[in-house]
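The following note sets out some points for a colleague who is meeting this structure for the first time. Please read the numbered paragraphs alongside the sequence and the model.

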Amino acid sequence: MAKTMNMVWASAIAASLALAQGALAQEAQKQTPPEGATPKDFTLPAKQQFQLDNGLRVTLVPFGKIPKVTISAQVMAGNLNEGSDTWLADLTADMMEEGTTSRSAEDVAREAAEMGGSLTIAVGPEQTSVTGEALAEFAPNMVALLADVMLNPALPPGELDRLKRDAQRNLEVALNDPDTMAQIAFRKALYGDHPFGRLFPGSDQLESYSAEQIRSFYEDNFGAQRTHLFLSGMFDVDAVRAAIEAAFGHWKKGPPVLSRPPEPAQGRRYIDIVDRANASQSNVILGLPTIDPSQPDFIALEVANAMLGGSFSSRITSNIREDKGYTYSPFSQLSVRRGDGYWAQQAAITTDDTAAALKEIYLEINRLRDTPPSEEELKATQNYMAGIFTLRNSTREGIINVLNRADLHGQDDSYLTEYVSRIYALAPEDISRVTSKHLRPEDMTLAVVGDRARIGEEMAKYIDPQ
């Protein structure tokens, strides 16, 4: 009986709670939540900068309360420096991870782990990044380890065949991915035979690379005056500075940074359909060359991009994903390098909806060109952009990334500290102006990977942006 009564009481209490929660939910729906405060400008942590006699630049940023440090050496040497030897920079980085003249790869990994961290190397279009993380107390030791990897790489010839086999497997996987196939066609159309237009080597080319070529690439491209060393986190500034001078002070000056900007991409009306018979979807990239972050319109163009396709609530995403169900994850982006950039909208669209989806994408671009957005839509996008900017710069790695990007594009600290204010200073007319000026459908390149038999003729009716 007691058990039954307890169950009755429990049921009554649960029902009462449900009614109360329902009433609260209804009341909450009636109330408009208070408007949030205007986000504040980004506050750049105090930093120290100096340069060694050999040209190595150093930026120290004490930051945060977690007792860890991130150390990142950004070397101005990447795929741009390869010439026609595609992926030679990537193989060089792989070889650098195979140890130094005094430490094996296992020794490097073990020592980094004993410091509570790791050490990695990554290659980008213009830079090679050598990055180490460690507990704060080991910051000088990590400086020394990172310097050994950079200054004294063993580049062991005996490991090259294994690394090339790994690269060949990665190449085979990439070249069979439809997103990658579309990216290859798009970049080739924009950049031609420039290194930025050659994303992948041929299998025979990759196999042909020798240990001597890798050694030459390292010697010709790595050196102090091409390198900027960033430290962010908790560390003893004096001890770290002494460690940097001891570890890097004797490094060769090396070659200067390439003074010429990348050859600009060519804006032209171009369509490339890569046939993929019986494909269930079309992988599409539509875009054109545009400005880089050093240009006055860039922040406004970032907001326009977020409004068009660069956020989950963007116009193109709402149109072809939410409303019409043509695709699952469309997105647009501004891809930038030093003195160079392009805008691109990307989507994997169900095959039979390819032409219709493209029609809607052009419609949204032209709508933003012709008609300024509402104040409400602009404010929502500004809030999103300001929030993302703040979040990206709230970590040790984020601080280094934003400082490195500003350095790469020749921007001073005010670009960072005034970024949020500049976003909120934009008016609806500014968004339409930059969209009209920089996102010109008549100059856009279209790359499609899909079933030509099913999409070619029908799509032709819609791809004309006029």
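**Notes on the predicted model**

1. Thr180 has a relative accessible area of 16%, and is buried because that value is under 20%. The structure discussed here is a predicted model. Thr180 belongs to helix 6. When neighbours within four places in sequence are set aside, Thr180 is in contact with Ala174 and Phe200.

2. The helix that holds Thr180 may be considered next. Helix 6 runs over residues 178–191, has 14 residues and reaches 20 Å from its first C-alpha to its last. That span is close to the 20 Å expected at 1.5 Å a residue. Just after helix 6, Gly192 takes a positive phi of about 60°.

3. How many of the residues of helix 6 are buried? The number is 11 of 14, and the helix is accordingly described as mostly covered. Among the buried residues are Pro178, Met181, Phe186, Arg187, Leu190 and Tyr191. The elements that cover the buried residues of helix 6 include helix 5 (160–175) and strand 7 (270–275). They also include strand 8 (281–289), strand 9 (331–337), strand 10 (340–350) and strand 11 (445–450).

4. Most residues other than glycine have a negative phi. Leu155 is not a glycine, yet has a positive phi of about 45°. Leu155 lies in the loop between helix 4 (139–151) and helix 5, and counts as buried at 4% relative accessibility.

5. Asn278 is placed in the loop between strand 7 and strand 8. Is Asn278 buried or exposed? At 70% relative accessibility, Asn278 counts as exposed.

6. The packing of helix 3 (residues 105–114) on helix 4 is the next point. The axes of these two helices come within 11 Å and cross at roughly 160°. Because an angle over 145 degrees counts as roughly antiparallel, helix 3 is roughly antiparallel to helix 4. The crossing of helix 3 and helix 4 is left-handed. Val108, Glu111 and Ala112 in helix 3 meet Met142, Leu145 and Val149 in helix 4. By class, this contact of helix 3 with helix 4 has five nonpolar residues, no polar residues and one charged residue.

7. A further helix pair consists of helix 12 (residues 354–370) and helix 17 (residues 428–438), whose axes come within 7 Å and cross at roughly 125°. Helix 12 and helix 17 are therefore oblique to each other. Helix 12 contributes Ile365, Leu368 and Arg369 to the contact, and helix 17 contributes Ile431, Ser432, Thr435 and Ser436. By class, the contact of helix 12 with helix 17 has three nonpolar, three polar and one charged residues.

8. The last point concerns Ala46, found in the loop between helix 1 (2–30) and strand 1 (48–51). Ala46 is exposed, with a relative accessible area of 64%. Which residues is Ala46 in contact with, leaving aside its neighbours within four places in sequence? They are Leu60, Val61 and Pro62. Ala46 and Pro62 are 16 residues apart along the chain, and their C-alpha atoms are separated by 7.2 Å.

Notes:
Residues are numbered from 1 along each chain as its sequence is written. This is a predicted model: local features need pLDDT of at least 70, side-chain atom pairs count only at pLDDT 80 or more; totals for chains, interfaces and linings use all residues. Side-chain values use heavy atoms; hydrogens and water are left out. Helices (H or I, at least four residues) and strands (E, at least two) are DSSP runs, numbered from the N terminus. The expected span of a helix is 1.5 Å times one less than its number of residues. Buried means under 20% relative accessible area, exposed over 50%, partly exposed in between (1.4 Å probe, protein chains only). Contact means heavy atoms within 4.5 Å. Axes are lines fitted to C-alpha atoms, for helices over the stretch in contact, and angles run from 0 to 180 degrees between N-to-C directions. Angles under 35 degrees count as roughly parallel, over 145 as roughly antiparallel, 65 to 115 as roughly perpendicular and the rest as oblique. A crossing is left-handed if the near helix is turned anticlockwise from the far one by less than a right angle, and right-handed if clockwise. Ala, Val, Leu, Ile, Met, Phe, Trp, Tyr, Cys and Pro count as nonpolar, Asp, Glu, Lys and Arg as charged, and the others, Gly among them, as polar.
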